Amino acid sequence: MANPLQFLQQVRSEAGKVTWPNRREVLLTTGMVLAMAALTAIFFSLVDWIIRLGVTQVIGS
């Protein structure tokens, strides 16, 4: 086990190597995530509607 001070120094060193995204990249990826979530919601809503129509036809209600 390393001592706590050495561990914290290593953590700080590794954190310095991280390349953080700029504002444009964050906004672009956030927009893409929101768009994919919306498309997924629409897709599953349509699938649910189609399955409901099929079950209604089979049951006959």
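**Exercise 1. What should the 37 residues of H2 span at 1.5 Å a residue, and how far apart are its end C-alpha atoms?**

Keep in mind that this is a predicted model.

Step 1: the expected span is 1.5 Å times one less than the number of residues. For the 37 residues of H2, that rule gives 54 Å.

Step 2: check this against the coordinates.

**Exercise 2. Run the same check on helix H1, residues 4-16.**

Step 1: H1 has 13 residues, so at 1.5 Å a residue it should span 18 Å.

Step 2: its end C-alpha atoms sit 18 Å apart, so the two values agree.

**Exercise 3. Find which side-chain oxygens reach backbone nitrogens at the helix starts.**

Step 1: go to the start of H1. There, a side-chain oxygen of Asn-3 comes to within 3.1 Å of the backbone nitrogen of Leu-5.

Step 2: move on to H2, whose N-terminal end is capped by Asn-22. Here a side-chain oxygen of Asn-22 lies 3.2 Å from the backbone nitrogen of Arg-24.

Step 3: now look just past H2, where Gly-60 has a positive phi of about 85°.

**Exercise 4. Compare the UniProt record with the secondary structure of residues 26-51.**

Step 1: the unreviewed UniProt entry lists residues 26-51 as "transmembrane region".

Step 2: in the model, that span is 100% helix and 0% strand, with its end C-alpha atoms 37 Å apart.

Step 3: zoom in on Val-26. Its backbone oxygen lies 3.1 Å from a polar atom of the Thr-29 side chain. Thr-29 belongs to helix H2, and its 41% relative accessibility makes it partly exposed.

**Exercise 5. Work out which residues make the nonpolar surface patch.**

Step 1: list the members: Met-36, Leu-39, Ile-42, Leu-46, Trp-49, Ile-50 and Leu-53. Together they make a patch of about 720 Å².

Step 2: recall some helix geometry. With 3.6 residues a turn, residues three or four places apart on an α-helix point the same way.

Step 3: pick one member, Ile-42, which lies in H2, residues 23-59.

Step 4: Leu-28 and Leu-53 are 25 residues apart in sequence, and their C-alpha atoms are 38 Å apart in space. Leu-28 is also found in H2 and is partly exposed at 47%.

**Exercise 6. How many salt bridges are there, and is Lys-17 buried or exposed?**

Step 1: look for a Lys or Arg side-chain nitrogen within 4 Å of a carboxyl oxygen of Asp or Glu. The count comes to 1 salt bridge.

Step 2: the partners are Glu-14 and Lys-17, with their closest N and O atoms 3.1 Å apart.

Step 3: read off the accessibilities. Lys-17 is exposed at 56%, whereas Glu-14 is partly exposed at 47%.

**Exercise 7. Where is Trp-20 found, and how far is it from Asn-3?**

Step 1: Trp-20 sits in the loop between H1 and H2. Its relative accessible area is 70%, so it counts as exposed.

Step 2: Trp-20 and Asn-3 are 17 residues apart in sequence and 29 Å apart in space, C-alpha to C-alpha.

Methods. Residues numbered from 1 in each chain as written. Predicted model: local features only at pLDDT ≥ 70, side-chain atom pairs only at ≥ 80, totals over all residues. Heavy atoms only, no water. UniProt positions renumbered as here; feature names shortened; annotations may be inferred. Helix = DSSP H or I, 4+ residues; strand = E, 2+ residues; numbered from the N terminus. Patch = residues over 30% accessible without salt bridge, like charges linked within 9 Å, V, L, I, M, F, W, Y side chains within 5 Å. Areas by Shrake-Rupley, 256 points an atom, 1.4 Å probe, with all protein chains shown as cover. Buried < 20%, exposed > 50% of the residue type's maximum accessible area, 1.4 Å probe, protein only. Polar contact = N/O pair within 3.5 Å; in protein donor to acceptor, adjacent residues only side chain to side chain.
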